[in-house]
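Open the model in your viewer and keep the selection panel at hand.

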Amino acid sequence: MTGEISEAAGADPWPVRCPHCGRALRVDRRPPDQHVGNDAGQHAGQHAGRPTTIRALSCDGGHRFDAARQGYVNLLVGRGSSATPDDTAMIMARERVQDAGILRSVTEALTAIAARTTAPRQVLDCGAGTGHHLHALLEALPAASGIALDLSPAGLKRAAKHPRTLALAWDLWRPLPVADASIDLLVDVFAPRSPAEYARVLSPGGRAVVVTPRPGHLHELAAHGLLGMREGKHRELLARMGEALGDPEEHRRIGETIDLDAEQAADLIMMGPAGHHRHRDQVLHDVGREGTRRATVDVDVTTWRRHAGD
Ligand SMILES: C[S@@+](CC[C@H](N)C(=O)[O-])C[C@H]1O[C@@H](n2cnc3c(N)ncnc32)[C@H](O)[C@@H]1O
């Protein structure tokens, strides 16, 4: 997807492109008296209840994508996607974990990197889930706008809550609906990765931050269906991202032990792959019987920078 940010898109905060024709997408807003309440379930975040004003995205090629009532826009065209997004129960489990601050250190690592990036204007969260990390970044960057990409409607309607976020249903395995060299900070936390596309959309000097679990991450809960991370996965990430963006600028490991109650342990299990096939009541019962109340957070936070001359 090529093209400069057009005049039309200049009036809008987000450098997004039509998936049909690649032209700039404009944001059509609802008149103020037609606000639709944004009822993203039980989200307790600070933007709960903010009305969404996005009515549709449209381009000069005559293509139009209406926003869902909750404010996100589905840009998927054609066959849709064969990928399996997180369902509502998984997203609600993730939201409770995030609201409890259990993975706070990951969010803090991202905001620390944002603070070092010179005045980022555009932030892209690939596989944004609830939008938790993106919203924290936008709160830290008052002049920035954010794009959340995910396939999960339950995640997207939460991600859409921040007034400076554009939440888009999109499959990360496809070329991203984002203009070349338009993103100053890209984050991908525990989500699929698309290195060549990340290099394409990053602005000169822009950063991509990828967070991946290490083999020991949450190992105390592995017996309940958490997928163990293979040894060597980080090396593979370095090789794949390296082809597109060279050597990382920085690598940091977050390792800590966290205390949990049984509900939180069940949520950590249910927000991962086990959530696709297990019932929370059963998981809670098993966790309660076993008595696991501590878990290890062990993740890699790796940052690449697109050099200004690239
Ligand atoms: C493990 S969750 C991480 C969510 C979020 N980054 C966070 O840390 O809270 C992975 C997310 O990637 C999304 N996802 C999985 N496959 C995808 C794909 N092919 N395209 C877009 N999103 C995808 C899921 O729906 C889910 O929200």
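This is a predicted model: local features need pLDDT of at least 70, side-chain atom pairs count only at pLDDT 80 or more; totals for chains, interfaces and linings use all residues.

A search of the whole structure finds one cavity of 30 Å³ or more.

## The open pocket

Rolling a probe the size of a water molecule over the atoms shows where empty space is left. Next, turn to the largest pocket, whose volume is about 1,200 Å³. Its lining is made up of 43 residues. For a view of the middle, select D86, R94, F190, A191 and P192, the lining residues nearest the centre of the largest pocket.

Now show the secondary structure. Select α2 (88–99), β6 (145–150), β9 (202–213) and α7 (233–245); each of these supplies at least two residues of the lining of the largest pocket. Which of them gives the most to this lining? Highlight α2, which contributes four residues. Coloured by class, the lining of the largest pocket shows 23 nonpolar, eleven polar and nine charged residues.

## The ligand

Select the ligand, which sits in the largest pocket. There are 20 residues around the ligand, and those that come nearest are Q98, G127, D150, D171 and V189. By class, this shell holds eleven nonpolar, five polar and four charged residues.

- R94: an N or O atom of the R94 side chain is 3.2 Å from an oxygen atom of the ligand.
- L172: a nitrogen atom of the ligand lies 2.8 Å from a backbone N or O atom of L172.
- V189: here too a backbone N or O atom is involved, 2.8 Å from a nitrogen atom of the ligand.

Finally, show the protein surface around the ligand. How much of the ligand's accessible area does the protein cover? On its own the ligand has 590 Å² of accessible area, and the protein covers 93% of that.

Conventions: Residues are numbered from 1 along each chain as its sequence is written. Side-chain values use heavy atoms; hydrogens and water are left out. On a 1 Å grid over the protein atoms alone, a cavity is a set of points where a 1.4 Å probe fits but cannot get out, and a pocket is an open set with protein on both sides within 12 Å along at least five of seven lines; lining residues have an atom within 4 Å of a point. Grid points are joined across faces, edges and corners, and a volume is the space filled by probe spheres set on the points. A residue is near a molecule or strand if one of its heavy atoms lies within 4 Å of it. A polar contact is a pair of N or O atoms within 3.5 Å; within protein, one must be able to donate a hydrogen and the other to accept it, and residues adjacent in sequence count only if both atoms are side-chain atoms. Accessible areas come from the Shrake-Rupley method with a 1.4 Å probe; for residues, only the protein chains shown count as cover. A molecule sits in a cavity or pocket if more than half of its atoms lie within 2 Å of its grid points. Ala, Val, Leu, Ile, Met, Phe, Trp, Tyr, Cys and Pro count as nonpolar, Asp, Glu, Lys and Arg as charged, and the others, Gly among them, as polar.
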